[in-house]
Amino acid sequence: MTIKHLRILVAVAECGSISQAAGRLYLSQPTVSQIVAELEQYCGARLFDRLSRRLYPTPACRELVAKAVPVLAAFDRLDRSMQATLREEPVRLGASVTVGTCLLASLVERFRRREPEGKIEAAVNNTHVVEEMLLHGRLDLAFVEGRIRSPYLEVTPVVEDRLVLVCHPEHPFAGEREVTLEQLAGQTLLLREEGSGTRELFERDLEDGRLPLRGSWSCSNSEAIKNALLHNLGVSVLSALLVKEELEKGRLRAVRVVRAPGGEPFLWKRPFSLVIHRDKYRTPAIQSMIEAIRSFQGEEMASLLP
């Protein structure tokens, strides 16, 4: 016997008709008839007398209904209480550094339009750390730019980002039409820390060309890297979104990178992806955040190529 059984029993007893009870509960008549038959079999007693095309509760039915009504009321109170609790729980959102810097504010605004009373707890870190937090249940979902390795996490690409090589306007590279990976390897590189999706994508090409990182910086703060670039302390590969304003105002320059002179430029592309544990229960608030992230699909991200 389930809550559904009891709810149908009470409706039939109050309506005196299978068809009216079915209409009240938005169920088919065969479904309601089957549930009544299951209850009668379970109780081992007839629950309704069928007289002149109308159903009349038997004494056993009246006793069962009397006990079922407060049970259903208590269940409904519990359900409302749980729904209120779920609405009050914050969505624990993870974001990698580039996403956190460039898109987090817009994402929160989109979520607020769907859930005006919704609460958010945000954690911004590199992709590797965010992945570990998801796996250990410390985050509900995440929006990241790096590669996710765990098979327990569902990854849905949402928008495409592009990386660009940037330098100060007075850096020797600023006057070049293009630079090679070999030239790049001889520079002071201002890079994100280990575990960063930005660094991982760039290092892959350096490793393919067996080019070492010489005199490089390692920094988890993209703003610190931009500040170093603005002081002409080296070159960096960053998201075009992250340096959009500096490129537009001429405070930084973007330079093409090729494997060999005159060759095709490297196109460092990577997706910004929605990530959630495959077994995660999705509350209405979490589902609203998922839809807010997916709302970026189809939008054209800034791509400032040299």
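Which residue just after α10 takes a positive phi? Just after α10, that residue is N232, with a phi of about 60°.

This report describes a predicted model, in which local features need pLDDT of at least 70, side-chain atom pairs count only at pLDDT 80 or more, and totals for chains, interfaces and linings use all residues. Residues are numbered from 1 along each chain as its sequence is written, and side-chain values use heavy atoms, with hydrogens and water left out. Helices (H or I, at least four residues) and strands (E, at least two) are DSSP runs, numbered from the N terminus.

**Packed helix pairs**

Two packed helices are described by the angle between their axes and the distance between the axes. Here axes are lines fitted to C-alpha atoms, for helices over the stretch in contact, and angles run from 0 to 180 degrees between N-to-C directions.

| Helix pair | Angle between axes | Axis distance |
|---|---|---|
| α1 (residues 3–15) and α2 | about 125° | 8 Å |
| α2 (residues 18–25) and α3 (residues 29–43) | about 110° | 9 Å |
| α6 (residues 104–114) and α12 (residues 284–294) | roughly 130° | within 9 Å |

Angles under 35 degrees count as roughly parallel, over 145 as roughly antiparallel, 65 to 115 as roughly perpendicular and the rest as oblique. Helices α1 and α2 pack at about 125°. That angle makes α1 oblique to α2. The crossing of α1 and α2 is right-handed; a crossing is right-handed if the near helix is turned clockwise from the far one by less than a right angle, and left-handed if anticlockwise. In this pair, R7, I8, A11, V12, E14 and C15 of α1 meet I18, Q20, A21, R24 and L25 of α2, where contact means heavy atoms within 4.5 Å. By class, the contact of α1 with α2 has 7 nonpolar, 1 polar and 3 charged residues. For these classes, Ala, Val, Leu, Ile, Met, Phe, Trp, Tyr, Cys and Pro count as nonpolar, Asp, Glu, Lys and Arg as charged, and the others, Gly among them, as polar.

Helix α2 also packs against α3, at an angle of about 110°. This makes α2 roughly perpendicular to α3. Helix α2 passes α3 in a right-handed crossing. On the α2 side, I18, S19 and A22 take part, and they meet Q29, V32, S33 and V36 in α3. The contact of α2 with α3 comprises 4 nonpolar, 3 polar and no charged residues.

Helices α6 and α12 cross at roughly 130° and are therefore oblique to each other. Their crossing is right-handed. L107, R110, F111 and R114 of α6 make the contact with A285, S288, M289, E291, A292 and I293 of α12. By class, 6 nonpolar, 1 polar and 3 charged residues form the contact of α6 with α12.

A residue is buried under 20% relative accessible area, exposed over 50%, and partly exposed in between (1.4 Å probe, protein chains only). In helix α10 (residues 222–230), the buried residues are S222, I225, K226, A228 and L229. Seen down the axis of α10, they fall within an arc of 160°, so they line one face of the helix; the arc is that of the directions from the helix axis to the C-beta atoms. The elements covering these residues include α5 (97–102), β6 (153–167) and α11 (244–248).

In α12, the buried residues are A285, I286, S288, M289, I290, A292 and I293. Their cover includes α6 together with the strands β3 (91–95), β4 (120–124), β5 (141–144), β6 and β12 (268–277).

**Individual residues**

Most residues other than glycine have a negative phi. Y26, which is not a glycine, has a positive phi of about 60°. Y26 lies in the loop between α2 and α3 and counts as exposed at 77% relative accessibility. N232, also with a positive phi near 60°, is in the loop between α10 and β10. N232 is partly exposed, with a relative accessible area of 29%.

E40 lies in helix α3 and is buried, with a relative accessible area of 15%. Leaving aside neighbours within four places in sequence, E40 is in contact with A45, R46, L47, F48 and R50.

A123 lies in strand β4. Not counting residues up to four places away in sequence, A123 touches L93, G94, A95, M133 and L139. The C-alpha atoms of A123 and P30 are separated by 51 Å, and the two residues are 93 residues apart along the chain.
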